[in-house]
Structures are given as structure tokens and as C-alpha cells.
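Work through the exercises below with the model open. Each task is followed by a stepwise solution.

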Amino acid sequence: MNEQQKIFLGENIEFLRKRKKLTQEGLAQLLDFKREKVKAIEKGATKNPPVEDLVKFSEFFKMSVDSLLKVNLSKLLELQLRELEAGNDVYMMGSKIRVLPITVDGENRQNCEYVPVKAKMGYASGYNDPDYISLLPKYNIPSLSRTGTYRTFQAEGDSMYPIPDKAEVTGAYVENWLSIKPDTPCIVIMKGVHNFVFKLVTVNKKEKNFLLKSTNPLYKSYVVEGDEVLEFWMFKKLHLDQLPDFTESSTDMQLLKAMFEDLKDEIASLKKERGC
């Protein structure tokens, strides 16, 4: 049996009211409520407030109804609260809340967590779990702005040639996916087996999906649907142990490898069609 979702409406209304330095009477007047209604909601005495009241609270505090109901806002950092107030707590389709778990250092500055290849399988299931995120290696990058949220991922393969296999890519968390400009390099966290990739991302707002392209022309572009994506991390820094290989011979080897992989795919498809 699934654990019942805790509702934080009363706590959140009181927290947001005090954050605006309002009394219950002052908030009630602004919303055209009686003080007793605000008091009852804050105390949890009103179990099923009318939808119209929820919408008024949502519009006044610039916070989605989902956030008011499901998120303990008092536990968030000021940066996260501002992001929620900016309307950045929903997926591209506007259907799911996304509050990013983060860790901070002794001075309450956000850490940059590191996700190596060996941790990538667990990341897709633990990306929104504060306990999982707290176990990841963490550090700070002085040259990055302190106002952003960053995470470093170890990329695999040569699809972003000349960036080599196992290169470490630091990205900034993207709250509003629709703000991604065409061909923006991003780490894309997705559901399923191929759960994260480093690609050039272009948003198709009309179809609500994303075109993922490689810098290596030997790899084909493909489209992923919005509901298959969990996170975007926009490229900020590249960390290398050695210089990339720009030689033609390396490109020739990649071409042979790509041709061989295509041939294997074609053979597999033929076998499937013939029932082999």
C-alpha cells in the first residue's frame, strides 16, 4: 500500500503569510476572506477548502496549487522559493512538481554534486531523493556563480566528439525547459535504459518534445518526448585528464565503427522480420 501524501496547505499558508509580514486579518482582507477562514485553514481545521480559495491563495502568493498542497515550503532555501514563485516548479507540460534536492556546505552555499558513470543507473531513480543526493561526492567550483545549481556528470562514448569518452561535464540545472535555446549542449536525464546523455538540445514547443543531436556527424539525431525527460543540465564546464584527439585517423576509426554498428542493426532487423 502506498504511503498517503501529506498535505502541507495550512503550514504553507502560515509560512508564506509570515514571510510577507502579514497578520491573519491582513491576509483575509486582501483575499476578501474572513479572518476565521484563514485561521481555520492554517490550523488544518478545514480539510477540503473550496477550489476557488486554493486558486486565490495560489495567485496571491504566486505559487502553484501543487506546491501549496504537496511541498513543505519552510524546508526550502530562499533560492528554491524564488524559483517556485517564478512558476518554475512544473514540467514542460505543467503537470508535475519538480523541486530539486541539493546539498550545502558549512556556509549554506550549494555544493556541486558529482555523478560518475558507476552511479548513473541509480541516479535516474534517486534524482529527486534528498538522501540519495546527499551520498554523492560533492565539491565547489569557485569560477561558477553562487546563485546557480550545478552538478557534474561523467559522460560516455564519442557522440560529442572531440569530447572524449569518460569526460566530466558540469552543467547548470535548467528549471524552465522551454527557455533552452536551439542546439544548447546539455546533459539530459531520461527514464529507461539510456538514462542520461550529453547532446545538443533543441525544443519543439508545438510538439512538446526535444531534438537531441551529436557534435559527431556519424551519430543520427533523434527525438525524445517531454514526459520521458527528468532533468536538463546546461553545459558550463568541461573537465579533462588529457587533450582531445583531433587527428583524421581518429575520425576514420569512428566512421568504421559507425558503419559496423549500422550493419549490425540492419542484420538484427532482417533476422527479426524473418523470425530467426
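**Exercise 1.** Find which residues threonine 184 touches, leaving out residues up to four places away in sequence. Then decide: is threonine 184 buried or exposed?

*Solution.* Keep in mind that this is a predicted model.
- Step 1: Locate threonine 184 in strand S5.
- Step 2: List its contacts: Lys199, Leu200, Val201 and Met234.
- Step 3: Check the relative accessible area of threonine 184, which is 10%. Buried means under 20%. Threonine 184 is therefore buried.

**Exercise 2.** Describe the largest nonpolar core: how many residues does it have, and which elements give two or more residues to it?

*Solution.* 
- Step 1: Count the members of the largest nonpolar core; there are 23 residues. Tyr123, Phe153, Ile187, Ile189, Phe198 and Trp233 have the most contacts inside it.
- Step 2: Assign elements. Helices H7 (120-126) and H8 (130-135) each give two or more residues, as do strands S4 (168-173), S5 (184-190), S6 (196-204) and S9 (229-239).
- Step 3: S6 supplies the largest share, three residues.
- Step 4: Look beyond this core. Another core, of 19 residues, lies apart from it and includes Leu54, Val71, Leu76 and Leu81.

**Exercise 3.** Work out where on helix H1 its buried residues fall.

*Solution.* 
- Step 1: Pick out the buried residues of H1 (residues 9-19): Leu9, Gly10, Asn12, Ile13, Leu16 and Arg17.
- Step 2: Look down the axis of H1. Its buried residues fall within an arc of 165°, so they line one face of the helix.
- Step 3: Find their partners. They pack against helices H2 (24-31), H3 (35-43), H4 (51-61) and H5 (65-70).
- Step 4: Inspect what follows H1. Lysine 21 has a positive phi, near 60°.

Terms used
Residues are numbered from 1 along each chain as its sequence is written. This is a predicted model: local features need pLDDT of at least 70, side-chain atom pairs count only at pLDDT 80 or more; totals for chains, interfaces and linings use all residues. Side-chain values use heavy atoms; hydrogens and water are left out. A nonpolar core is a set of buried Ala, Val, Leu, Ile, Met, Phe, Trp, Tyr and Cys residues joined through side-chain atoms within 4.5 Å. Buried means under 20% relative accessible area, exposed over 50%, partly exposed in between (1.4 Å probe, protein chains only). Helices (H or I, at least four residues) and strands (E, at least two) are DSSP runs, numbered from the N terminus. The arc is that of the directions from the helix axis to the C-beta atoms. Contact means heavy atoms within 4.5 Å.
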